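Hello,

Here is the structure for you to look at. My notes on what turned up follow below it.

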Amino acid sequence: MTERLIVHLKQARQRLGITQADLAERVGVSRKTVNTVENGVFVPSTILALALARALDTSVDALFALPDQTEA
Amino acid sequence: MSTKSRAMAEKWVGQRPVFVLGYTAGFLAYAINAAAGLASGDVAPFHLQLLAWAAAAAAVFTISFGRGVTRLRNPEAHAIVNDELAASYSNAGMRWGFATLLAGSVAMLVATLWTGTTPVWMLVMVPSTGIAAATLRFAWSDHRSARSGPDDD
C-alpha cells in the first residue's frame, strides 16, 4: 500500500503537536484507523481524507501524494 | 461525546480481534459437535438442533458485523467502533465468507451427486465454515492493523 500512496499525515500532525488519539477524536474515527492511515496500511476514502485535512488545517494534497508527485 | 464513552469504544476496538477469534473458535467447536451429532443421529430433534445452530450463527454474524456486544449506547461511540477501517475489514471478511460458502456448496453438490443424498452434517458445516472464514478474516485484518506501526511519537 505504501508503494501506491505517500502519506505525510504524521508530519502534519506533529506540526500541530497533537497525538493520534487527539486526531482520531477530531475526525470521529478510532485511533487504530488514524494509525493505519499514518503507517500506509489503510488508504482512506475521500471523505476521511478531507476530514483529516480539515482537522489538521491543511489540504488533502499536502497529506497524500502519489509516488510520482513526490518531486513536485 | 464523553471521554468515558470514547475510552470504552477505543478499548473495545483494541480487544476486538481476540474476542472475535475466541467466539469464532467456540462457534466452530459447537458447529462440529452439532454436525457430528446430526451425522450419528444421537441428537435432539433435527429441527431443534438446526434452530439452535441458526441462533448461534446469527449471534456470531451480528456480533462481528453489527454493533458488537459492547454496552455502548452513544451513536458516536458506535460510529468509532464501526468506522471506515472496520467496514473495510468487514467487507473483506464477507468476501472470504461467501467464497468459502460457494466452495462448500460445490463440495456439497458433488457429495450429493456421488452418494445420492446430501450428507446431513454438511448442511451445518458448510455455512459454519463460511461464517468462520468471514469472522477469522476480519479478526486477522483487525489484529494485523494493530501492529501496523508505531502508535505515537
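**The interface**

Chain B and chain A bury about 1,700 Å² between them, with 45% of that area from carbon and sulfur atoms. Buried area here is the accessible area (1.4 Å probe) that two parts lose on being put together, summed over both.

This is a predicted model: local features need pLDDT of at least 70, side-chain atom pairs count only at pLDDT 80 or more, and totals for chains, interfaces and linings use all residues. Residues are numbered from 1 along each chain as its sequence is written, chains are lettered from A and ligands numbered from 1 in the order written, and side-chain values use heavy atoms, without hydrogens and water.

The contact (heavy atoms within 4.5 Å) involves 22 residues of chain A and 19 of chain B. There is 1 salt bridge between the chains. That term means a side-chain nitrogen of Lys or Arg within 4 Å of a carboxyl oxygen of Asp or Glu. The partners are A:Lys32 and B:Asp142, at 3.0 Å from N to O.

The side of chain B that touches chain A has 7 nonpolar, 4 polar and 8 charged residues. Nonpolar covers Ala, Val, Leu, Ile, Met, Phe, Trp, Tyr, Cys and Pro; charged covers Asp, Glu, Lys and Arg; the others, Gly among them, are polar.

**Chain A**

Of its 72 residues, 43% count as buried, that is, under 20% relative accessible area (1.4 Å probe, protein chains only). The C-alpha atoms of chain A fill a box of roughly 30 × 20 × 20 Å along the principal axes.

Best wishes

Methods: Buried means under 20% relative accessible area, exposed over 50%, partly exposed in between (1.4 Å probe, protein chains only).
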